[in-house]
Amino acid sequence: MANLTVAVMGPAGYAKDLGKMGTSTDITFYNLKKGVDTVTFIEPTRYPERLAPLFYAASLADAAIVVVDALNATFGECLLMLQAAGIGRGYLILRNYISPDQIRPLLKGTVLENYECMEDDAITLRDRLLDAAHQIGIERSLADRKKTCIVPIDHFFNVRGIGTVILGCVADGHLKKHDSLKVHPIGKTALVRSIQKHDDDFEDAETGDRVGLALKSVEAEELSRGYVLSNDSSLRSMTTISGRLDLVPFWKAPITEGMVLHIGHWMQFEPSRVVSASGGQVTLEMEKELVYLPGSKAVVTYLEGGNLRVAGTLTIS
């Protein structure tokens, strides 16, 4: 079984014709399944009211669908978020008589430059994405399985008769039933009692899979969105991080000490303060610990006129 996770950036509810609606909060999931191949669609439900849901959708995604009704600020912000998140695979649905020639100059030099323009046809789009998921399954069967895993938590709750259940996407590695995983950053250890993928029970899951995990030895009340389950000893949890900050082309002001920036990584989205900045290298302090692997890339945003805007990408040392 292989899963492709797709961020859908366009009119609210566009993905309802692509899959069956699942969990819905500030982000909404839609699920599509054919045989052993599955596609998970994510819409940023509370965007443009809030920027965080747009980040969450991009952070979870392997690919994106961008529905372009107008060449406006919202489209520009989606472009910058996908660029900062490094989502290099995607599809453009052009509407309201917008032509590829009109949009091409705006995409030059961005990850969207290689996105495929497609007709606004849900059946064709579903088939294309299921084919892509199937190809992932073929590639996965040929790859060596890792012995560790990383699962950022996006939703969590208590289920009567089952206990604590979390939802998330396997960010890296191979997860097995009965694995013992550390809950970062609180340091508790949880046992994986069961694994579900698209409502079916499985013995394991791999990178890219959308999972529901029943856990033992941790209560739902102890969890928070952004916490990470892992048995990878390379994982770090720090309130001070440093790295190289690559800013978006439209950024004009210098990064200075004391500036407040929001850091988005996996399902974490936290404010930070610049401690030092020199030659593209920055050091940031946060009130909460950020969970990451050295070398990870995070999306950086800043506050402008009461709204958060995309600033660039931080490669964490």
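View 1. The model is predicted, so local features need pLDDT of at least 70 and side-chain atom pairs 80 or more, while totals for chains, interfaces and linings use all residues. Residues are numbered from 1 along each chain as its sequence is written, and side-chain values use heavy atoms, without hydrogens and water. Lysine 16, the partner of aspartate 17 in a salt bridge (a side-chain nitrogen of Lys or Arg within 4 Å of a carboxyl oxygen of Asp or Glu), is exposed at 53%. The closest N and O atoms of this pair are 3.8 Å apart.

**View 2. Aspartate 120 and arginine 95 form a salt bridge, with their closest N and O atoms 3.2 Å apart.** Because aspartate 120 lies in the loop between strand S7 (116-118) and H4, and arginine 95 in the loop between strand S6 (90-94) and helix H3 (100-107), the pair ties together parts 25 residues apart in sequence; helices (H or I, at least four residues) and strands (E, at least two) are DSSP runs, numbered from the N terminus. Aspartate 120 is partly exposed at 42% relative accessibility, and arginine 95 is also partly exposed, at 23%.

**View 3. Lysine 146 and aspartate 172 form a salt bridge, with their closest N and O atoms 2.5 Å apart.** Lysine 146 lies in the loop between H4 and strand S8 (149-159), whereas aspartate 172 belongs to strand S10 (residues 172-176), so the pair ties together parts 26 residues apart in sequence. Lysine 146 is partly exposed, at 38% relative accessibility.

**View 4. Asp26, Arg50 and Arg225 are linked in a network of salt bridges.** The structure holds 18 salt bridges.

Key
Buried < 20%, exposed > 50% of the residue type's maximum accessible area, 1.4 Å probe, protein only.
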